[in-house]
Each structure stands twice: as C-alpha cells, then as structure tokens.
Amino acid sequence: MADPAGPAARLKAAISGVDHSIVGVRDLEAARARYRSLGFTLTPRGRHIGWATANYCIMFPDDYIELLGIVEPGAYSAGLDGILAERGEGILKLALASGDAGATHEFFARHGLAPEPVAELARELEAPEGTVLPKFRLVHPQAAAMPGLAGFVVQHLTPGLLRRPEWCRHRNGATGIASYAIVADEPAALAEGWRRVFGAGAVAPAGGRLTVETGTARLDFMTRHALAGAFDGIEMPAPKSGTIAAMTVAVTDLVAAAACLAEAGVACWRTDNGIAVPPEDACGAVIAFAEES
C-alpha cells in the first residue's frame, strides 16, 4: 500500500533544515559574556544530565547557536575535552532538524547509511519559572550521510521551552543564521550526497563552491582560496577540510549591529554584503552580519 503522505512529506519529516550549530568553548561564562557584548540575547544556562557539559543558547525563530563548555572536568564530555585540546574553540558541528527522529532513522537506513539507534537526550534549564527539562531525540548516521560536515540530526520534543519570544529578540537585530561557510578540498564531490538529503534543486556547484539550500541556513562548502576571498582581511589558521569556519547572521539593521560591535570595542571587517567579526572575538568562529533579504 502506498504511503499517503508521499515521499516529499516523509523527507521533510526526516530532515527539514539546519536546527543549530555547536560552538565549543573553553570558558562557558566568558563565552556567554562575549556573545552578549556582540548584541545577542542568551538563554539561561542548561546542564546536560549525566554529562560534564553545560550550554547557553542564542535562539532564533527557526534555528539557534549553542555555546557548549565543560563545567565538570573529568566527567563524560562526549569528546569535547579532546576537541578543545586538539583544535581549540570554534564551531564543532551542525545539527540538522527533524520533525520525526524515527523517520530520519528510517531514511538513512534505507540508503544504507546504518545510523545508530535513536538516542534520547535531556538537559536541565534554569528557566525563570524554575528548572525545566527540554527533551530531544537524536540520530547519528554514518559520516557519508552528511558529506564534508560533522553533525547529527535532532528532533525537539519540547520546543516551547526554548523558543520563547523574549529569548528570540536580540539587541543587534539578529533574526537567524543565513549561512555557514565550510572548508572542502573538492566541494563539487560532495554534491551527490547532499542531493540525497535535500533534493537536486537544492544543490548548486559553482567554481570553488557548493551551495546547499536546506530550508533554513544555507551550507556553503568552499575551498580555502574561496574562504579567504569571502572573508578578506580576517586571519584564520589554515583550516582542515570539514572545518565550519564561519557563520553569517541575518540582521534587520546592519547599522544597529555595527553599533553593538563598536560599543563592545570589537573590530570588524567589511564583507561583500555586510561586516564580520574575527575568530578571536567570537570564541574561534568568524561571525558575519548581513541584512536579511
């Protein structure tokens, strides 16, 4: 019997865009203060149950940024301690969005990408009304499922606990993530894998780049040469392939965003469509600001 929802609906439930990025930081409270100075509103602190890690999140209507740090040295940190020791702070990975973790698991299994069993995750969040418990379901497919990119897929079971209107308002006018810049030795070689996830019409190779329209943030895979051109003047260590080097944040008013940076004493560089903050001022990540289209 045919599935009445159809393949397009099943795929949308399985993967519906980029849910959030994870920025690994050495000092979580210092990172919180730094991002507040850039004009972002941060949620109260969350603590992963049974893990060594805690976070602060920068929420938008459709996605968010997670600042992740270790608050209990020696306990299980899911590898964060090793990553920080080896490569330092920065954007560690992306989480794609799912409306149904079971459908996501089935989707990847059907393509021979044998994901691990769906995992459950919860964290304690110090909300104004008291401690609450946001809950999630996670799918960790094989690396080939998200070619050229470290990540996983997440379904929110309690979205209302995080996406509160007051947490989505930012002094710098930010409304969401427009794109991520990801280093790739051969961007075009990644195209087929991303067509499987988002469809042929969402994937476009061009020169030294490959763009993937996800429905939320765009993925821009680019060579090191293209990355240097996109962020001319900003010094970055020679990034390895797969490094998520930068994110572009959409803002309602670029002048207001620039005023926040000036107030914080943060130098910024002009880009083709806005301004950018260097990695030393954003916990290892280049953050660009551009007016929303």
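Helices (H or I, at least four residues) and strands (E, at least two) are DSSP runs, numbered from the N terminus.

## How to read the model

This is a predicted model, so local features need pLDDT of at least 70 and side-chain atom pairs count only at pLDDT 80 or more, while totals for chains, interfaces and linings use all residues. Residues are numbered from 1 along each chain as its sequence is written, and side-chain values use heavy atoms, leaving out hydrogens and water.

## The overall fold

Let's step back to the whole chain. The protein chain contains 7 helices and 17 strands. Its radius of gyration is 18 Å, close to the 19 Å from the globule rule for 293 residues, so the chain is as compact as a globular protein of that length. Here the radius is taken over C-alpha atoms, and the rule is 2.2 Å times the number of residues to the power 0.38. Along the principal axes, the C-alpha trace spans about 60 × 50 × 35 Å.

Of the 293 residues, 50% are buried. Among contacts (heavy atoms within 4.5 Å) between residues at least 6 apart in sequence, 67% join residues at least 24 apart.

## Bridges between separate elements

The whole structure holds 9 salt bridges. One of them joins the side chains of Glu-29 and Arg-45 at 3.9 Å, N to O. Glu-29 belongs to helix α2 (residues 28-37) and Arg-45 to the loop between α2 and β2 (46-48), so this pair ties together parts 16 residues apart in sequence. Glu-29 is partly exposed at 38%, and so is Arg-45 at 23%.

Another salt bridge pairs Glu-129 with Arg-164, with 2.9 Å between the closest N and O atoms. This one links distant parts of the chain, 35 residues apart: Glu-129 is in the loop between β6 (119-127) and β7 (130-132), and Arg-164 is in the loop between β9 (151-156) and β10 (174-183). Glu-129 is exposed at 52%, whereas Arg-164 is buried at 11%.

Notes
Buried means under 20% relative accessible area, exposed over 50%, partly exposed in between (1.4 Å probe, protein chains only). A salt bridge is a side-chain nitrogen of Lys or Arg within 4 Å of a carboxyl oxygen of Asp or Glu.
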